[in-house]
Amino acid sequence: MDQKLRVGILGATGMVGQRFISLLEDHPWFEVVTVAASPRSAGKTYEEAVGDRWKMDTPMPEAVKKLVVLNVNDVEHVASTVDFVFSAVDMSKEEIKAIEEEYAKTETPVVSNNSAHRWTPDVPMVVPEINAAHFDVIPDQKKRLGTTRGFIAVKPNCSIQSYAPCLAAWKEFGPKELVVTTYQAISGAGKTFKDWPEMVGNIIPFIGGEEEKSEQEPLRVLGKVENGQIVKAQLPKITCQCVRVPVLNGHTAAVFINFEKKPTKEQLIEKLVNFKGFPQEAELPSAPKQFIQYLEEDNRPQVTLDVDYENGMGVSIGRLREDTMYDYKFIGLSHNTVRGAAGGAVLCAEALTAKGYIAKK
């Protein structure tokens, strides 16, 4: 790419906004030129606005420290400085819906980490390896919004990344029923152990809204475009429990699965390790070389050993074995703030750029 695309981050001071900042440091296609946040942060430098709340393992990139934070509600001004934006704003669902559409209507593409538009019928919700074809709905969305280049695309919930890719890899065997329990890291709530000490040595068996997302969002990812809308798949039927566990990064899933056609264990593993999609074919900058790894050891995947597989953009599967009540059971692991949040959105933006949906203004 001759010239990097100018990127703005909405909600730049929060945990996911910080993850965007760290992932986009030295990105070959994108350059963060604008950071926007709530009115209370506006007017301060990014370094001042974040203060002692920087939650990443790596230092704050020098390039953003002195950027002056803009008011995220000053839509026209923020939009005038960028080619597209990543959205990680912390507002109510209705406020997020409204502000993301407002940005899109300034002819600024919005790639969102938020859940507000995940069920808007003409907004693609994409895991690029699985359903990049859903971007085909964007022209219909533009007609509705009255835009020529502005649109919204979203990535799905972090909790589904550790098992939904398996469903795509195993599509030909007809996955029909899943029982899933997710063990979700505290960074999924935007927290560290420092600001959530009661999570140390603790488990909380409730995460608001997560179980419905974990049951329904895979069906939308596995659905198809019909008449300018995404129509969700009817199968597999999924039931899920979501548990918060004392882990900083990494969502683990324990899954029981039934198939319409019963494959062998060897067939299932072969499909996992050879599964690839548009990001691998197009060699996108953030794409894992191998999307899914299968680990043979009985005690893998483990958060401490495997969460950073492929720089946190890959998925680790292990303990695949026959079950006494279901066909098979397995364990999945994905990095919830990289693949599951900001990294997944960056990969979406790369796919949208490669497909011509995002370009210089």
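Me: In this predicted model, does E129 count as buried or exposed?
Reply: A residue is called buried when its relative accessible area is under 20%, and the model, which is predicted, gives E129 a relative accessibility of 4%. Because 4% falls under that limit, E129 counts as buried.

Me: With which residue does the side chain of E129 meet in a salt bridge?
Reply: A search of the whole structure finds 16 salt bridges, and one of them involves E129, with a distance of 2.9 Å from N to O.

Me: Which helix holds both K213 and E210?
Reply: K213 forms a salt bridge with E210, and the closest N and O atoms are 3.9 Å apart. K213 is partly exposed at 22% relative accessible area, whereas E210 counts as buried at 7%. The two residues are three residues apart and separated by about one helical turn, because both belong to helix α9 (residues 210–221).

Me: What kind of aromatic pair do F173 and F259 form?
Reply: The whole structure holds 13 aromatic pairs, and in the one made by F173 and F259 the centres are 6.4 Å apart with 90 degrees between the planes. Planes over 60 degrees apart fall into one named class, so the pair of F173 and F259 is edge-to-face.

Me: In which strand does F259 lie?
Reply: F173 and F259 are both buried. F173 lies in the loop between α8 (164–169) and β7 (175–184), and its partner lies in a strand, so the pair ties together parts that are 86 residues apart in sequence. The strand that holds F259 is β11 (residues 251–259).

Me: How far from the centre of the ring of F278 is the charged end of K355?
Reply: A charge that sits over a ring must be within 6 Å of the ring centre. The charged end of R220 sits over the ring of W119, 5.8 Å from its centre. For K355, whose charged end sits over the ring of F278, the distance from the ring centre is 4.3 Å.

Key
Residues numbered from 1 in each chain as written. Predicted model: local features only at pLDDT ≥ 70, side-chain atom pairs only at ≥ 80, totals over all residues. Heavy atoms only, no water. Phe/Tyr/Trp six-rings, centres within 6.5 Å; stacked < 30°, edge-to-face > 60°. Helix = DSSP H or I, 4+ residues; strand = E, 2+ residues; numbered from the N terminus. Buried < 20%, exposed > 50% of the residue type's maximum accessible area, 1.4 Å probe, protein only. Lys NZ or Arg CZ within 6 Å of the ring centre and 35° of its normal. Salt bridge = Lys/Arg side-chain N within 4 Å of Asp/Glu carboxyl O.
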